[in-house]
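Please keep the model open while reading.

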Amino acid sequence: MTVFLEIPFPNKLLLALSTAGLLSLLSTPVVKEFAWKIGAIDIPRDSRRMHDHPIPRLGGLAIALSFLLTVLLFTEMDRQMEGMILGSLMILALGVVDDCVTLKAAPKLIVQNLAAMLVVMHGCTIQFLTDPFSSVPGTYFDLGIMAGPVTVVWIVLMTNAVNFIDGLDGLAVGVSSISASFMLVIALLVSEKHVAVVLACLLGSCLGFLPYNLHPAKIFMGDSGSTFLGFILAVLSIQGLFKMYAVISFTVPFLILGIPFLDIAFAVIRRLWKHRNPMTADREHIHHRLIDMGFSQKQTVAITYGVTGVLGMSAVLLAESGEMKTMILILAAMIAALAGIVVIFRPHHRQHTEK
């Protein structure tokens, strides 16, 4: 049952943001104690882990519950929102179980696909993609019967992409916060007030958890947090960013979620090139590469935040100034490509083993 508060929009936005932040801030210590009691602990057993002592995970539970409660309070529930909530509950339940017992990749992918299909069944799809290279304003591709499958792929891809970058203290939740803030700005620019309020709830939930997750982390958000954030960001990008026919709907979400997208794309290509399962873990993500180049955890996180910020600002400029789209698109692509080449193909400075 939805409890929808009728409040003027600017006040509602600020109240949703602050309420979600306060709930997350207060609930995280409770979730931390709960994680210790049920044994949801991340114990460093291989070189992929950057911490040297057991740390409770399951922090995503605080983020998710804060977000869901504030959405119910401040957002009017429609069919698409129902699909997002139901799908996110599936992702959250899957993440909580994974944080406790560590599931294999196959069952996780099955549940993620089912959650994404649930969103599609509730009418939330990527139906159109703007042609970024057309000289005629408003030119777009109608995906037709491929709208459903493309939407499912996008949601599952971004759900795992945020999970893939969750390897350093404060990294994934910080990148998600920055991405959500730029998505919020663009939602306001294109008058998507409904989506803006939901994004404010998400941003507040992330910011409330962030102090506990910054280096040295007191709690990890685990798969319950990283997959939940990836899922919500993916769905909200469909509800808002992919609907901007006259702007550049194809490019804006990819810019804002550029770091997670590039990391998962390079990871899949790298593992397939080595004839490995794309879902097997390794120690060659972008943040691992930066660490091996000599940067500290804090420096690596700061660099990633900075790149996410630059890509986010580019997305805002694209959404606001259509005539600049070609120049910014080329510049952003060149920066992303250069960063990817340097980070991915530079030899490691220290030896490590994989499990």
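A cavity is here a set of points, on a 1 Å grid over the protein atoms alone, where a 1.4 Å probe fits but cannot get out, and lining residues are those with an atom within 4 Å of a point. Grid points are joined across faces, edges and corners, and a volume is the space filled by probe spheres set on the points. By this rule, one cavity of 30 Å³ or more is counted, and the volume of the largest cavity is about 40 Å³. Its lining consists of Ile165, Leu171, Ile259, Asp263, Ile286, His287 and Thr304. Helix H10 (258-273) and helix H11 (286-292) are the elements that give two or more residues to this lining, where helices (H or I, at least four residues) and strands (E, at least two) are DSSP runs numbered from the N terminus. By residue class, the lining of the largest cavity divides into four nonpolar, two polar and one charged, with Ala, Val, Leu, Ile, Met, Phe, Trp, Tyr, Cys and Pro counted as nonpolar, Asp, Glu, Lys and Arg as charged, and the others, Gly among them, as polar.

The model is predicted, and local features need pLDDT of at least 70, side-chain atom pairs count only at pLDDT 80 or more, whereas totals for chains, interfaces and linings use all residues. Residues are numbered from 1 along each chain as its sequence is written, and side-chain values use heavy atoms, with hydrogens and water left out.

Turning to the chain as a whole, the secondary structure comes to 13 helices and four strands. Of the 355 residues in the protein chain, 52% are buried, where buried means under 20% relative accessible area, exposed over 50%, and partly exposed in between (1.4 Å probe, protein chains only). The accessible surface of the protein chain is about 15,600 Å², and carbon and sulfur atoms hold 70% of it; accessible areas come from the Shrake-Rupley method with a 1.4 Å probe, and for residues only the protein chains shown count as cover. Among contacts (heavy atoms within 4.5 Å) with a separation of 6 or more, residues 24 or more positions apart account for 76%.

Serine 205 is found in helix H7 (residues 193-213) and touches Ala20, Gly21, Ser24, Ile63, Ser66 and Phe67, when residues up to four places away in sequence are not counted. A polar atom of the serine 205 side chain lies 3.1 Å from the backbone nitrogen of phenylalanine 67. Serine 205 counts as buried because its relative accessible area is 0%.

In the loop between H7 and helix H8 (222-239) lies proline 216, and the peptide bond that joins histidine 215 to proline 216 is cis, with omega near -5°.

Leucine 58 sits in the loop between strand S2 (55-56) and helix H2 (60-74), and it is buried, with a relative accessibility of 0%. Threonine 102, in the loop between helix H3 (79-101) and helix H4 (105-121), is by contrast exposed, because its relative accessible area is 55%.

A last stop is methionine 183 in helix H6 (residues 171-189), which is buried at a relative accessible area of 2%. Methionine 183 and leucine 257 are 74 residues apart in sequence, while their C-alpha atoms are 9.6 Å apart in space.

Note on methods: On a 1 Å grid over the protein atoms alone, a cavity is a set of points where a 1.4 Å probe fits but cannot get out, and a pocket is an open set with protein on both sides within 12 Å along at least five of seven lines; lining residues have an atom within 4 Å of a point. A polar contact is a pair of N or O atoms within 3.5 Å; within protein, one must be able to donate a hydrogen and the other to accept it, and residues adjacent in sequence count only if both atoms are side-chain atoms.
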